[in-house]
Amino acid sequence: MLEAALALYEGRLHDAEPVLKARLKRDPFDVAAIRMLAELAARIERYRDAENLLRRALEIAPDFLAARSNLATVLHRQGRSAEAVAELEHLQRVDPGNLGNANLKAAALGRVGEFDEALELYEQILGTVGRQPKIWMSYAHMLKTVGRQADAVAAYRRALSLAPALGEVWWSLANLKTVAFDDADVAAMLAALARDDLAAEDRFHLHFALGKAHEDRKQAEAAFRHYAEGNALRKALIDYDADQTRAAVDHAKELYSPDFFAARRDYGAEAPDPIFIVGMPRAGSTLIEQILASHSLVEGTMELPDIPKLAMKARNAGGIARLSATEARMLGEEYLRDTQVQRKSGKPFYIDKLPNNWLHIGFIHLILPNAKIIDARRHPLDCCFSNFKQHFARGQLFSYSLTDMGRYYADYVDLLDHFDAALPGRIHRIIHERLIDDLEGEVRALLDYLGLPFEAACLDFHTNARAVRTASSEQVRRPINSDGVGQWRAMEPWLQPLKDALGPVLAHYPDAP
């Protein structure tokens, strides 16, 4: 067991796994070994396997607090934060002084929209352990979400005063999009990069932040160099295969034919409550959400993880094509039930703005035929370059290579073109540049599609004080503007791999080839 623990500590997962499995073959009830195997599974993002192992450990030893804490973490990482909160509340009753569990609970509360409680908990933690830079960072994230930008900046700066080389904090400041780094900031980031003991995660975050610093100063070559280095370092740590995305698109085009839908007209849950905003990240989906969430009948939530999970559940149960009408209705009802935790206002409609749901449009129509679907589309070079300079906390693995990015955008356009033909009129498309040029006209057309009356508050979206949980949180708190249009032009000398990968999609924008 010591050998396995050391291998896990040093990141040698391939060495730890056979030792742990051999141990469990000899003693299937060794809960410490089960927990370590769960930790291994979680590190490679096999969260369902990790959950099953931890639940097995807790069946054997219900008072194994470390395993219950690990289970809460795994649930939170799967987007099941309400379940994580329940586990953490149990832990707080039996282990009230555990600050790690309290910190996780605060993050999970934020995920389910309980922002006031989360902030209060962070403040209690920091009152006890005020010299923890990562907790100051998490607190700042929450302050940013609720629109307290000055307080967020102060909290990020407090974290940096405790850990000047903590790259994620520098990137978090850059990611506010409204903070301009001064010469001292740039010098501090460069000094951190020069350290021999800097972790890879800190290093790539610093490169992304320095890219933003140089771009703000109109130093395009230096900016692109840092963005490219940050992306290369991040890509080396992930596993993304563009061919798999292409295969998923081809499969969806084959499966979701007009005949497929015609044979399933009576499938799905009838509720019209959800409004899905899909498309590429950084394409204006948060702006559309903010506009709609300013309407008296629509609630904004967040990027909900439920549709991909339900699609996977359907595939594992025998395949989407084999779902019965009853099964499709039950999946739709499960979506409505599981997302209820995000609905705080009692409004009849609510938004799910997970952009990657473009891959699941056919499945959404099957299980929720009366839900609305909005495609947020932005110029491919602006959109893709905006992704390239963005480090995402999770997911979006396609975004760390210009070639992968171009292929992903082209695949997205291809599949949406298919659904325009297979489900005519089902998807409402908003072209970002048109929205900027004619806000009222585009908003009126959008509300007509949704069957909602026009409300002037939708034009004053920037005054809406709701919490916003994406990288665009500060941008949508400003009036409509064209600041993001054409930003790719300064970087054009280095964007040829992106143009090549986009192919005819670039020339035909905003239409499909």
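This is a predicted model: local features need pLDDT of at least 70, side-chain atom pairs count only at pLDDT 80 or more; totals for chains, interfaces and linings use all residues.

Reply: Across the structure the count comes to 17 aromatic pairs. One of them joins Trp358 and Tyr408: the ring centres are 5.4 Å apart and the planes stand at 85 degrees, so this pair is edge-to-face. The two partners come from distant parts of the chain, 50 residues apart. Trp358 sits in the loop between β3 (349-352) and α20 (361-367), while Tyr408 belongs to helix α22 (residues 402-422). Are these two residues buried or exposed? Trp358 is buried, with a relative accessible area of 0%. Tyr408 has 5% relative accessibility and therefore counts as buried too.

From the loop that holds Trp358, step back to β3. This strand is covered on both faces, with Phe349 and Ile351 buried on one side and Tyr350 and Asp352 buried on the other. β3 also has strand partners. Strand β1 (residues 274-279) runs parallel to β3 and is joined to it by three bridges, with Pro274 opposite Tyr350. Strand β2 (residues 298-302) likewise pairs with β3 in the parallel sense, over three bridges. Here Glu299 is the residue that stands opposite Tyr350.

Arg377 stands opposite Ile431 in β5. Of the five residues of β5 (residues 427-431), four are buried, so the strand is largely enclosed by the rest of the structure.

The charged end of Lys372 sits over the ring of Tyr449, 5.0 Å from its centre. Arg234 lies over the face of Tyr400, and there the distance to the ring centre is 5.4 Å.

As for length, α15 (residues 242-255) has 14 residues, which at 1.5 Å a residue should span 20 Å; its end C-alpha atoms are 20 Å apart, in agreement.

In α8, Phe115, Ala118, Leu119, Leu121, Tyr122, Ile125 and Leu126 are buried. The arc they cover is only 160 degrees around the axis, which places them on the same side of α8. An α-helix has 3.6 residues a turn, so residues three or four places apart point the same way. On the other side of α8, Asp116, Gly127 and Thr128 are exposed. The cover over the buried residues of α8 includes α6 (81-94), α7 (99-111) and α9 (133-145). The 14 residues of α8 (residues 115-128) should span 20 Å at 1.5 Å a residue, and the end C-alpha atoms, 20 Å apart, agree with that.

Methods
Residues are numbered from 1 along each chain as its sequence is written. Side-chain values use heavy atoms; hydrogens and water are left out. Helices (H or I, at least four residues) and strands (E, at least two) are DSSP runs, numbered from the N terminus. The expected span of a helix is 1.5 Å times one less than its number of residues. Buried means under 20% relative accessible area, exposed over 50%, partly exposed in between (1.4 Å probe, protein chains only). The arc is that of the directions from the helix axis to the C-beta atoms. Contact means heavy atoms within 4.5 Å. Rings of Phe, Tyr and Trp (its six-membered ring) pair if their centres lie within 6.5 Å; planes under 30 degrees apart count as stacked, over 60 as edge-to-face and the rest as tilted. A charge sits over a ring if NZ of Lys or CZ of Arg is within 6 Å of the ring centre and within 35 degrees of the ring normal. Two strands pair if DSSP finds at least two bridges between them.
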